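Here is a friendly walk through one model, sheet by sheet. Please keep the structure open beside the text as you read.

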Amino acid sequence: MLDTIRGWLGRPSEPWRPRSYRVTPTAAGADVNYDCYCGCDAGFALDRSATDTQPEHCCCGNAILVGSAAAARVAAALDDPAAFRIDVQELRMPWGEALEVALAIPQAADR
Ligand SMILES: [Zn+2]
Ligand SMILES: [Zn+2]
């Protein structure tokens with residue numbers, strides 16, 4: 001409730017992070033989506049058979065990656081890692097595996 005009021009005022013009490021992720025089973029694996037602060041329904045399409053997955057980017061500059069060591073891999077893919085903070089959460093996939101979800105958020109979004 002307090003968060004809602006802070007949202008109305010446009011002054012978040014803490015840096016933005018996804019409130020939750022939505023995991024949807026797909027033929028290849030799962031779609032992991034979140035409501036981005038820019039208004040997009042952003043996310044990552046996880047293909048369980050892919051070995052070299054790249055982060056998916058939102059129009060605001062967020063980069064998301066799902067999988068083992070996701071935080072390290074998303075950081076490695078950034079041009080300027082210092083310009084981002086990385087939010088890491090663990091999500092249960094439809095097949096029972098818990099995977100790391102790493103979201104690189106531009107520090108500029110915190111201003
Ligand atoms: Zn967007
Ligand atoms: Zn966005």
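Let us begin with a hairpin: strand 1 and strand 2 form one, with 3 residues between them. Strands here, like helices, are DSSP runs numbered from the N terminus (helices are H or I with at least four residues, strands are E with at least two). Strand 1 covers residues 22-25 and pairs with strand 2 in the antiparallel sense over 4 bridges; two strands count as paired if DSSP finds at least two bridges between them. Within this pairing, Arg 22 has Asn 33 of strand 2 as its bridge partner, and Val 23 has Val 32.

Before going further, a word on the source: this is a predicted model, in which local features need pLDDT of at least 70 and side-chain atom pairs count only at pLDDT 80 or more, while totals for chains, interfaces and linings use all residues. Residues are numbered from 1 along each chain as its sequence is written, and chains are lettered from A and ligands numbered from 1 in the order in which they are written.

**The chain as a whole**

The secondary structure comes to 2 helices and 7 strands, following the pattern α-β-β-β-β-β-α-β-β along the sequence. The chain has 111 residues, of which 25% count as buried. Burial is judged from C-beta atoms placed from the backbone: a residue is buried if 20 or more others lie within 10 Å of its own, exposed if 12 or fewer, and partly exposed in between. Among the contacts in the chain with a separation of 6 or more, 33% link residues 24 or more positions apart; a contact means that the two C-beta atoms, placed from the backbone, lie within 7 Å.

Strand 2 and strand 3 are joined by 7 bridges and run antiparallel. One of the bridge pairs links Ala 30 to Leu 46 in strand 3. These two strands also form a hairpin, with 5 residues between them, where Gly 39 in the turn has a positive phi of about 105 degrees.

Leaving aside residues up to four places away in sequence, Cys 36 touches Ala 42, Cys 58, Cys 60 and Asn 62.

Strand 5 (residues 63-66) and strand 7 (residues 98-106) pair over 4 bridges, and Ile 64 stands opposite Leu 103 in strand 7. Strand 6 and strand 7 are joined by 9 bridges, with Arg 92 and Ala 98 as one of the partner pairs. In their hairpin, which has 5 residues between the strands, Gly 96 takes a positive phi near 95 degrees.

**The nonpolar core**

In soluble globular proteins, nonpolar side chains tend to be buried together. A nonpolar core is here a set of buried Ala, Val, Leu, Ile, Met, Phe, Trp, Tyr and Cys residues joined through C-beta atoms within 7 Å. The largest one has 22 residues, of which Val 32, Leu 65, Val 66, Val 101, Ala 102 and Ala 104 touch the most other members. At least two residues each come from strand 2, strand 3, strand 5, helix 2 (70-76) and strand 7. Strand 7 gives the most, with 6 residues. Ala 104 touches residues including Val 74, Leu 78, Phe 84 and Ile 86.

The table lists C-alpha separations.

| Pair | Apart in sequence | C-alpha distance |
|---|---|---|
| Cys 36 and Arg 17 | 19 residues | 8.5 Å |
| Glu 14 and Asp 110 | 96 residues | 8.7 Å |
| Gly 61 and Ala 109 | 48 residues | 9.1 Å |

Glu 14 sits in the loop between helix 1 (2-9) and strand 1, and is exposed because 8 other C-beta atoms lie within 10 Å. Gly 61 lies in the loop between strand 4 and strand 5, and counts as partly exposed, with 16 C-beta neighbours inside 10 Å.
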